[in-house]
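Subject: Structure for you to look at

Dear colleague,

Please find the structure below, with its sequence. My notes come after it.

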Amino acid sequence: MSLHVNATEVAAVLLADGWHEAKAGTFTVGPFAFAGATDGSSADIAGQPGFRLTTEEGSVITGPLFSVLAVRSEAVQDQERTPLQELAYRLDGQIVTVDGAESVRFTYAGQQFEVWLGTTKYGLRWLFAPAGHRESAIDYGFGEKDPVHQVARAAMSDLKAGMHPGPTKATGDRPHTD
(Lines give C-alpha, C1' and ligand atoms only; values in the text may rest on other atoms or scores of the structure.)
Protein backbone atom coordinates (compact mmCIF):
# COMPACT_ATOMS: atom_id res chain seq x y z
CA MET A 1 0.00 0.00 0.00
CA SER A 2 1.29 3.46 -0.90
CA LEU A 3 0.40 6.55 1.09
CA HIS A 4 0.18 9.35 -1.46
CA VAL A 5 0.75 12.90 -0.29
CA ASN A 6 -0.48 15.67 -2.55
CA ALA A 7 2.42 18.15 -2.40
CA THR A 8 0.12 21.08 -3.19
CA GLU A 9 -1.81 20.42 0.03
CA VAL A 10 1.19 20.27 2.41
CA ALA A 11 0.57 22.90 5.10
CA ALA A 12 3.55 22.07 7.36
CA VAL A 13 6.56 19.77 7.61
CA LEU A 14 8.11 18.27 10.71
CA LEU A 15 11.89 18.57 10.72
CA ALA A 16 14.31 17.70 13.52
CA ASP A 17 13.86 21.17 15.06
CA GLY A 18 10.04 21.13 14.96
CA TRP A 19 7.12 21.99 12.70
CA HIS A 20 7.50 24.54 9.89
CA GLU A 21 4.36 26.06 8.34
CA ALA A 22 4.38 26.24 4.52
CA LYS A 23 2.76 28.95 2.43
CA ALA A 24 -0.05 27.34 0.39
CA GLY A 25 1.20 25.48 -2.68
CA THR A 26 4.92 26.12 -2.11
CA PHE A 27 6.02 22.65 -0.99
CA THR A 28 7.83 20.96 -3.89
CA VAL A 29 10.00 17.87 -4.30
CA GLY A 30 12.89 17.46 -6.75
CA PRO A 31 16.60 16.70 -7.06
CA PHE A 32 18.63 18.19 -4.22
CA ALA A 33 21.69 20.19 -5.32
CA PHE A 34 23.77 23.16 -4.27
CA ALA A 35 24.22 25.92 -6.85
CA GLY A 36 27.33 28.13 -7.02
CA ALA A 37 26.77 31.75 -6.01
CA THR A 38 28.95 33.34 -8.67
CA ASP A 39 29.82 30.84 -11.37
CA GLY A 40 26.39 29.20 -11.78
CA SER A 41 27.80 25.74 -11.12
CA SER A 42 25.89 23.19 -9.12
CA ALA A 43 26.75 20.14 -7.06
CA ASP A 44 24.28 17.31 -7.23
CA ILE A 45 24.13 15.50 -3.88
CA ALA A 46 24.38 11.96 -5.26
CA GLY A 47 20.96 12.18 -6.87
CA GLN A 48 19.16 12.56 -3.54
CA PRO A 49 15.58 13.79 -3.65
CA GLY A 50 15.05 17.07 -1.88
CA PHE A 51 12.26 19.41 -0.85
CA ARG A 52 11.64 23.13 -0.85
CA LEU A 53 8.99 25.27 0.83
CA THR A 54 8.36 28.92 1.55
CA THR A 55 7.22 29.82 5.04
CA GLU A 56 4.41 32.28 5.74
CA GLU A 57 7.13 34.77 6.73
CA GLY A 58 8.80 34.43 3.32
CA SER A 59 11.82 32.31 4.29
CA VAL A 60 12.75 29.44 1.98
CA ILE A 61 13.64 26.06 3.50
CA THR A 62 15.38 23.50 1.29
CA GLY A 63 16.86 20.16 2.28
CA PRO A 64 17.14 16.46 1.60
CA LEU A 65 13.75 14.74 1.53
CA PHE A 66 14.83 12.19 4.15
CA SER A 67 14.98 15.04 6.71
CA VAL A 68 11.19 15.41 6.56
CA LEU A 69 9.81 13.35 9.46
CA ALA A 70 6.12 14.04 8.78
CA VAL A 71 3.83 16.35 6.83
CA ARG A 72 0.53 17.94 7.71
CA SER A 73 -1.85 18.40 4.80
CA GLU A 74 -4.89 20.59 4.45
CA ALA A 75 -7.24 20.27 1.51
CA VAL A 76 -7.35 23.58 -0.32
CA GLN A 77 -10.73 24.75 -1.56
CA ASP A 78 -11.04 24.79 -5.37
CA GLN A 79 -11.52 28.57 -5.51
CA GLU A 80 -8.28 29.13 -3.59
CA ARG A 81 -6.05 27.11 -5.93
CA THR A 82 -4.08 28.57 -8.78
CA PRO A 83 -4.60 26.78 -12.11
CA LEU A 84 -1.29 24.95 -11.64
CA GLN A 85 -2.23 23.90 -8.10
CA GLU A 86 -5.63 22.70 -9.31
CA LEU A 87 -4.00 20.67 -12.08
CA ALA A 88 -1.53 19.12 -9.60
CA TYR A 89 -4.46 18.24 -7.33
CA ARG A 90 -6.49 16.63 -10.13
CA LEU A 91 -3.51 14.62 -11.45
CA ASP A 92 -2.22 13.73 -7.97
CA GLY A 93 1.04 15.34 -9.02
CA GLN A 94 3.39 17.99 -7.79
CA ILE A 95 4.52 21.37 -9.04
CA VAL A 96 8.14 21.31 -10.17
CA THR A 97 10.38 23.82 -11.92
CA VAL A 98 11.87 22.72 -15.24
CA ASP A 99 14.11 25.07 -17.24
CA GLY A 100 12.91 28.00 -15.13
CA ALA A 101 9.20 27.33 -15.71
CA GLU A 102 6.72 25.62 -13.40
CA SER A 103 4.98 22.45 -14.51
CA VAL A 104 2.95 19.64 -12.95
CA ARG A 105 4.73 16.28 -12.79
CA PHE A 106 2.67 13.16 -12.15
CA THR A 107 3.07 9.41 -12.45
CA TYR A 108 0.85 7.05 -14.39
CA ALA A 109 1.60 3.31 -14.75
CA GLY A 110 5.12 3.83 -13.43
CA GLN A 111 6.04 6.56 -15.92
CA GLN A 112 6.38 10.26 -15.13
CA PHE A 113 4.64 12.90 -17.23
CA GLU A 114 4.52 16.70 -17.22
CA VAL A 115 1.86 19.26 -18.04
CA TRP A 116 2.83 22.91 -18.36
CA LEU A 117 1.75 26.20 -19.89
CA GLY A 118 4.09 26.67 -22.85
CA THR A 119 4.45 29.07 -25.74
CA THR A 120 3.23 27.85 -29.11
CA LYS A 121 2.54 29.65 -32.38
CA TYR A 122 -1.06 29.93 -31.09
CA GLY A 123 -0.03 31.59 -27.81
CA LEU A 124 0.16 30.09 -24.33
CA ARG A 125 -1.24 26.55 -24.35
CA TRP A 126 -1.30 23.62 -21.92
CA LEU A 127 1.23 21.06 -23.16
CA PHE A 128 1.68 17.42 -22.16
CA ALA A 129 4.75 15.15 -22.51
CA PRO A 130 6.73 12.44 -20.77
CA ALA A 131 8.94 14.00 -18.09
CA GLY A 132 12.19 15.18 -19.66
CA HIS A 133 10.88 14.99 -23.25
CA ARG A 134 9.24 18.34 -23.87
CA GLU A 135 10.19 18.21 -27.55
CA SER A 136 7.47 15.56 -28.02
CA ALA A 137 4.73 17.58 -26.31
CA ILE A 138 1.07 17.24 -27.20
CA ASP A 139 -0.94 20.45 -27.55
CA TYR A 140 -4.59 19.64 -26.82
CA GLY A 141 -5.65 23.15 -27.81
CA PHE A 142 -6.42 24.36 -24.29
CA GLY A 143 -5.29 27.92 -23.60
CA GLU A 144 -4.34 29.50 -20.30
CA LYS A 145 -7.95 30.63 -19.67
CA ASP A 146 -9.52 27.19 -20.25
CA PRO A 147 -10.61 25.19 -17.18
CA VAL A 148 -7.79 22.92 -16.04
CA HIS A 149 -10.16 20.02 -15.37
CA GLN A 150 -10.47 19.71 -19.18
CA VAL A 151 -6.68 19.51 -19.50
CA ALA A 152 -6.46 16.83 -16.79
CA ARG A 153 -9.33 14.85 -18.34
CA ALA A 154 -7.75 14.91 -21.82
CA ALA A 155 -4.33 13.78 -20.56
CA MET A 156 -5.73 10.99 -18.39
CA SER A 157 -8.12 9.80 -21.12
CA ASP A 158 -5.23 9.35 -23.53
CA LEU A 159 -3.09 7.55 -20.94
CA LYS A 160 -5.91 5.19 -19.96
CA ALA A 161 -6.56 4.44 -23.64
CA GLY A 162 -2.89 3.50 -24.04
CA MET A 163 -1.96 6.57 -26.10
CA HIS A 164 1.21 8.17 -24.80
CA PRO A 165 2.84 11.36 -26.02
CA GLY A 166 5.74 10.69 -28.34
CA PRO A 167 7.89 12.32 -30.99
CA THR A 168 5.95 14.37 -33.50
CA LYS A 169 6.44 14.03 -37.26
CA ALA A 170 5.42 17.58 -38.28
CA THR A 171 7.78 20.39 -37.36
CA GLY A 172 5.52 23.36 -38.15
CA ASP A 173 3.10 22.78 -35.27
CA ARG A 174 5.69 21.65 -32.74
CA PRO A 175 5.37 23.66 -29.51
CA HIS A 176 8.42 25.35 -28.17
CA THR A 177 9.16 26.33 -24.60
CA ASP A 178 11.14 29.17 -23.19
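This is a predicted model: local features need pLDDT of at least 70, side-chain atom pairs count only at pLDDT 80 or more; totals for chains, interfaces and linings use all residues.

Overall layout

The protein chain has two helices and eleven strands. Reading from the N terminus, the order of elements is β-β-β-β-β-β-α-β-β-β-β-β-α. Of the 178 residues in the chain, 39% are buried. The accessible surface of the chain is about 10,400 Å², and carbon and sulfur atoms account for 52% of that surface. If you take the contacts between residues at least 6 apart in sequence, 45% of them join residues at least 24 apart.

The largest pocket

The largest pocket holds about 640 Å³ of space. Its lining is made up of 27 residues, and those nearest the centre are Thr 28, Val 29, Gly 30, Arg 52 and Thr 97. Which elements each give at least two residues to this lining? They are β3 (28-35), β4 (42-54), β5 (60-64), α1 (83-90), β7 (94-98) and β8 (101-108). Strand β3 gives the largest share, with seven residues. Sorted by class, the lining of the largest pocket consists of 14 polar, ten nonpolar and three charged residues.

The second largest pocket

The second largest pocket has a volume of about 320 Å³. It is lined by 13 residues, with His 4, Val 5, Asp 92, Gly 93 and Gln 94 closest to the centre. Here the largest share of the lining, three residues, is supplied by β8. The classes in the lining of the second largest pocket are six nonpolar, five polar and two charged.

Gln 94 sits in strand β7. What does the side chain of Gln 94 reach at 3.4 Å? The partner is the backbone nitrogen of Val 29, and Val 29 is itself among the residues nearest the centre of the largest pocket. Beyond its neighbours within four places in sequence, Gln 94 is in contact with Ala 7, Thr 28, Val 29, Ala 88, Ser 103, Val 104 and Arg 105.

Asp 92 belongs to the loop between α1 and β7. Its relative accessible area is 41%, so Asp 92 counts as partly exposed. The phi angle of Asp 92 is near 50 degrees, a positive value in a residue other than glycine. For background, most residues other than glycine have a negative phi.

Two further loop residues

Ala 109 also has a phi near 50 degrees, and this too is a positive value in a residue other than glycine. Ala 109 is placed in the loop between β8 and β9 (111-120). Is Ala 109 buried or exposed? With a relative accessibility of 72%, Ala 109 is exposed, because the cut-off for that class is over 50%.

Gly 58 is found in the loop between β4 and β5. Gly 58 is partly exposed, at 43% relative accessible area. How far apart in space are Gly 58 and Ala 22, C-alpha to C-alpha? The distance is 9.4 Å, while in sequence the two are 36 residues apart.

Regards

Methods: Residues are numbered from 1 along each chain as its sequence is written. Side-chain values use heavy atoms; hydrogens and water are left out. On a 1 Å grid over the protein atoms alone, a cavity is a set of points where a 1.4 Å probe fits but cannot get out, and a pocket is an open set with protein on both sides within 12 Å along at least five of seven lines; lining residues have an atom within 4 Å of a point. Grid points are joined across faces, edges and corners, and a volume is the space filled by probe spheres set on the points. Helices (H or I, at least four residues) and strands (E, at least two) are DSSP runs, numbered from the N terminus. Ala, Val, Leu, Ile, Met, Phe, Trp, Tyr, Cys and Pro count as nonpolar, Asp, Glu, Lys and Arg as charged, and the others, Gly among them, as polar. Buried means under 20% relative accessible area, exposed over 50%, partly exposed in between (1.4 Å probe, protein chains only). Contact means heavy atoms within 4.5 Å. Accessible areas come from the Shrake-Rupley method with a 1.4 Å probe; for residues, only the protein chains shown count as cover. A polar contact is a pair of N or O atoms within 3.5 Å; within protein, one must be able to donate a hydrogen and the other to accept it, and residues adjacent in sequence count only if both atoms are side-chain atoms.
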